[in-house]
Amino acid sequence: MKRYINTLLVFVMVLTLVLTNIGCARQQEETPEETPEEVPQRPLGEVPAPEDMILEAAHWQEEYPMIYESFLRTSRMGDNTVEDSTLGGLHPVDYLEKYPNIKILYDGIGFSKEYFVARGHYYSLEDVINTARPKPGASCLACKTADYEKLFVEHGQDLFTLDFHETVQGIENAISCYNCHRNEPGENIQVTAPHLTVGLTKLQQEPSPGTMACAQCHVEYYFDPETREVVLPWDNGIGIEEIEAYFDERDFYDWKHPRTGTPLIKVQHPEFEMYTGSVHDRMGISCADCHMPTVEEEGETYTSHWAKSPLKTVEESCGRCHTDTEAIIAETEEIQREIDAMQVEVSGMIVQLIEDFATALDERNLDEDTVEKLWDLHRKAQYRWDFVMVENSTGFHHAAKAREALEQAKDFAQQALDILAEQQ
Ligand code: HEC
Ligand code: HEC
Ligand code: HEC
Ligand code: HEC
């Protein structure tokens, strides 16, 4: 098995070199007419006029029946055979019950009052409308509906501050084919999210199409405090510390913890950033390769558009490299259990930090320097914990990165606890 993987690794490395070369050639290409057949066009595509945008997924049902049907499975309705056990599913899982510590860690923001596990793409619009968490403006729709680019073309920068509830009135489509293909499914992936179009200019390397499609939404972002624009904080790079540095440089915080006053960062869903640099990424595997594998049904082969846990299609998603599917599921779950346990441990330490810090603020005269130092340590610890907590693979996408972030979080939390212990 090991030897098989080694041979394969060499093969993939060679392949990656070839692909990287194509990538470079692509970027130097000035005149698209001369692009050789096998080199894909830059996948940003042309924006159609608003009235020509095909925003309903159902439009493509006849032309791509199997893809359309698989896409509808992101609803998982009426298909009991695909319901999974503990790893997500049709019924919203309540994180607050599962991880009570987050009520204290997220105290002061909506996530401490309501936090359900993400559901399929089919529900994206419904779920953002129904969440009890406050919505600062129409920017919240950026990753929830096929209509977003249309709104952006129609309103320009004004879109970001439009009232959420008024804007959503006119919208009927959840995520659809348009989000990743515009009017040309079957052609290259096209980027429709305005924030990723900007974000790509900050990346040193363009992700592969099957990753770029997802990086439109499965990323860390924040709203510019003034314009409410969705911004990807990638100016320094997409590493955990580089993103932190971006926020630090701007003295940015999402909220101040009500018990300690710590200016904190709320991480969103950094799947793309976490995944980048992992074993699988370095082999050139895209998000879609695992989450939307090529499948065979009724004698036909097609790209499954049922974006879901790859553990439900292990044969198709992993089987070409990992031949022992049971073993690889077990290994994956082992990583997840380990990271989850670490996450819970670190969250407990930060809860302790918050309690002790709040008590110290109430009962003792902490000098300004000490308070500053404690704020800094709390912010650093909680940011790293959150990065792993809200990344949706429970560490699988890049176990080493997740582990390191949690180790650091632990270390920062411990330093704060030590300072607080000295103060007593
Ligand atoms: C979340 C992004 C996303 C959405 C939404 C999406 N696709 Fe795709 N689609 C992809 C990716 C990724 C690929 C694989 C392309 C690649 O890796 O270069 C693909 C490939 C395809 C292909 C070519 C491959 C094949 O099997 O024939 C077709 C056709 C297609 N999609 C149609 C559709 C249709 C129709 C819809 C809506 C029902 C849709 N797509 C929605 C991301 C998406
Ligand atoms: C336009 C934004 C957007 C794009 C593009 C997008 N996603 Fe999502 N994705 C979401 C949102 C929003 C949710 C959560 C929906 C909810 O909870 O209602 C989600 C949820 C998911 C889930 C969880 C589903 C479940 O059943 O628990 C998976 C898996 C997923 N996306 C994978 C992908 C992959 C892989 C790609 C790229 C091929 C992709 N997504 C592209 C916005 C997007
Ligand atoms: C090597 C295969 C692989 C690649 C590549 C991959 N993932 Fe995953 N992903 C997984 C596995 C395994 C899980 C854990 C699924 C589970 O716990 O059921 C997961 C979980 C997820 C989830 C949560 C799914 C759920 O049902 O709760 C999302 C969302 C997601 N990945 C998005 C992405 C995005 C976006 C990318 C690319 C940046 C990506 N993945 C790349 C294998 C992969
Ligand atoms: C294109 C080949 C390929 C595909 C597809 C692939 N893997 Fe891997 N995977 C590898 C290689 C190579 C390694 C590194 C092997 C080693 O270190 O022994 C690896 C390592 C792993 C590891 C060890 C932990 C780690 O992160 O290093 C796990 C777990 C794993 N893969 C799970 C999966 C799952 C689950 C899927 C499908 C959802 C998948 N892989 C798809 C090639 C692949």
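I began with His397 in this predicted model, and found that an N or O atom in the side chain of His397 is 2.8 Å from a nitrogen atom of ligand 3. I then checked His291, where a polar side-chain atom likewise lies 2.8 Å from a nitrogen atom of ligand 3. For the oxygen side of ligand 3 I looked up Gln336, whose side chain places an N or O atom 2.9 Å from an oxygen atom of the ligand.

I turned to ligand 1, around which I found 18 residues, the closest being Cys177, Cys180, His181, Thr303 and His305. A polar side-chain atom of His181 lies 2.7 Å from a nitrogen atom of ligand 1, and for His305 I noted 2.8 Å from a polar side-chain atom to a nitrogen atom of the ligand. In the side chain of Thr303, an N or O atom is 2.8 Å from an oxygen atom of ligand 1.

Which elements supply at least two residues each to the shell around ligand 1? I wrote down helix 2 (65-72), helix 8 (177-181), helix 10 (209-215) and strand 6 (300-303), with helix 8 giving the largest share, three residues. My last entry is the class count for the shell around ligand 1, which holds 12 nonpolar and six polar residues but no charged ones.

Technical notes. Residues numbered from 1 in each chain as written. Chains lettered and ligands numbered in written order. Predicted model: local features only at pLDDT ≥ 70, side-chain atom pairs only at ≥ 80, totals over all residues. Heavy atoms only, no water. Near = heavy atom within 4 Å. Polar contact = N/O pair within 3.5 Å; in protein donor to acceptor, adjacent residues only side chain to side chain. Helix = DSSP H or I, 4+ residues; strand = E, 2+ residues; numbered from the N terminus. Nonpolar A, V, L, I, M, F, W, Y, C, P; charged D, E, K, R; others polar.
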